[in-house]
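Please examine the sequence and the three-dimensional model shown here.

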Amino acid sequence: MTGTPAPFTADDYQARMERAARTAADAGLAGVLVAPGPDLVWLTGYAPPAATERLTLLVLAAGQDPVLVVPTLEAPDAEKAAGAPALTLRDWTDGKDPYATTAPLLDASGRFGVSDNAWALHLLGLQKALPGTSYVSLTEGLPMLRAVKDAAELGRLAAAGEAADATYEEILKVSFAGRRESEVAGDLADLLRRFGHSQVDFTVVGSGPNGANPHHEAGERVIENGDMVVLDFGGLKHGYGSDTSRTVHVGEPSAEERRVHDVVREAQEAAFRAVRPGIACQDVDRVARAHITEAGYGDRFIHRTGHGIGVTTHEPPYMIEGEEQPLVPGMCFSVEPGIYLPGRFGVRIEDIVTVTEDGGRRLNNTSREMAVVH
């Protein structure tokens, strides 16, 4: 396993905030308003100690210094954030109107990008204080804000992928037959943590017919000999995400099961090989979908081919028809085609891929051949 990376510095966060403000201005927005969540962590290094109804809001606009509006009782924690030296704190006390504190920081007739997870309570409060303002979600207004990773971010994503790969290699050694899906899911979570994950986001174990549900929650079904089992797991290591899927078989698979697995593996390989700067996100989806459709399973590939990954395990860009955003070096996303046969079984194979100067590089490198487990 790779060592602990150097922490991000105040200069790193300042550069991100400046880029966000500049990108917003280029998009015709008056600024960016960032509530607690992954955007705030990425921009400032600050995560409030707990979910709170009290307004916390980062205000970014081209030509003005970044300001973080925080409740007075949480200001000491905000001051300790790695990005705090690059911004100004503006606090408000209980009993005072937080929107009166925030309003002077905003263009009273501006259109702002707002982080997706901002509370409606706070957005409505700002609208009441500044009725001339309007708002758009960051996913809609600035979808590529966090999409292109720098070298330090790529290193963290690679380390997370390496840990997920180690988890998969170890899970192949455990018993599947006769155990509940939830028990194998528990093994996956334990292994992710053993290999350095601080947060486990999901451990899908879809056995037999449950594998035909792409987001099946591991349950009490007992895995049987003859089952195909979809494994999809990931979380955060050093603050950046992992997400990988492999499909294994308990005992020897049938000829049909092998064929379906081969179709998915070939589609995943073709989509990966299509990755290069300049092509549209939708082209990655088209390549995978064309291969599966040609094999006769097009109507059983029921989700997008991929999603971005970074400080969250799912974020823009998305590899789906209609997404014309061109790939650029530094983007990271999953490539995960699948086939799902209701009542029978499913197959999914997934790697995280980053765009390089002349193609793509996988951050997951375990075998994509079907593994036979016991």
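Pro317 belongs to strand E12, which covers residues 315-319. The model is a predicted one, and in it the peptide bond that runs from Pro316 to Pro317 is cis, with omega near 5 degrees. Most peptide bonds are trans, and most residues other than glycine have a negative phi. His238 sits in the loop between strand E8 (228-237) and strand E9 (240-241). With a relative accessible area of 27%, His238 counts as partly exposed, because this class lies between the limits of 20% for buried and 50% for exposed.

Helix H1 may be considered next. The helix comprises residues 10-26, 17 residues in total, and reaches 24 Å from its first C-alpha to its last, close to the 24 Å expected at 1.5 Å a residue. Its buried residues are Tyr13, Arg16, Met17, Ala20, Ala21 and Ala24. Seen down the axis of H1, these residues fall within an arc of 130 degrees, so they line one face of the helix. Asp11 and Asp26 are exposed on the face of H1 turned away from the buried side. The buried residues of H1 pack against several elements, namely strand E1 (31-34), helix H2 (38-44), strand E2 (57-60), helix H7 (151-171) and E9. Just after H1, Gly28 has a positive phi of about 85 degrees.

Helix H9 can be read in the same manner. Its 20 residues (255-274) should span 28 Å at 1.5 Å a residue, and the separation of 29 Å between its end C-alpha atoms agrees with this. Buried in H9 are Glu257, Val260, His261, Val263, Val264, Ala267, Gln268, Ala271, Phe272 and Ala274. These residues cover an arc of only 165 degrees around the axis, which puts them on the same side of H9. Ala255 and Arg273, on the other side of H9, are exposed.

The largest pocket contains about 380 Å³ of space. Among the 18 residues that line this pocket, Val204, Pro214, His215, Asp232 and His314 are the closest to its centre. Strand E7 (residues 199-207) supplies three residues, the largest share of the lining. Leaving aside neighbours within four places in sequence, Phe202 is in contact with Asp232, Phe233, Gly234, Ser242, Asp243 and Thr313.

Two loop residues complete the survey. Ser115 is located in the loop between strand E5 (111-114) and helix H5 (120-129), and a relative accessible area of 2% makes Ser115 buried. Beyond its neighbours within four places in sequence, Ser115 is in contact with Leu33, Val34, Ala35, Asp39 and Leu138. Asn365 occupies the loop between strand E17 (360-362) and strand E18 (371-373). At 55% relative accessibility, Asn365 counts as exposed. Asn365 and Ala164 are 201 residues apart along the chain, and their C-alpha atoms are separated by 9.7 Å.

Key: Residues are numbered from 1 along each chain as its sequence is written. This is a predicted model: local features need pLDDT of at least 70, side-chain atom pairs count only at pLDDT 80 or more; totals for chains, interfaces and linings use all residues. Side-chain values use heavy atoms; hydrogens and water are left out. Helices (H or I, at least four residues) and strands (E, at least two) are DSSP runs, numbered from the N terminus. The expected span of a helix is 1.5 Å times one less than its number of residues. Buried means under 20% relative accessible area, exposed over 50%, partly exposed in between (1.4 Å probe, protein chains only). The arc is that of the directions from the helix axis to the C-beta atoms. On a 1 Å grid over the protein atoms alone, a cavity is a set of points where a 1.4 Å probe fits but cannot get out, and a pocket is an open set with protein on both sides within 12 Å along at least five of seven lines; lining residues have an atom within 4 Å of a point. Grid points are joined across faces, edges and corners, and a volume is the space filled by probe spheres set on the points. Contact means heavy atoms within 4.5 Å.
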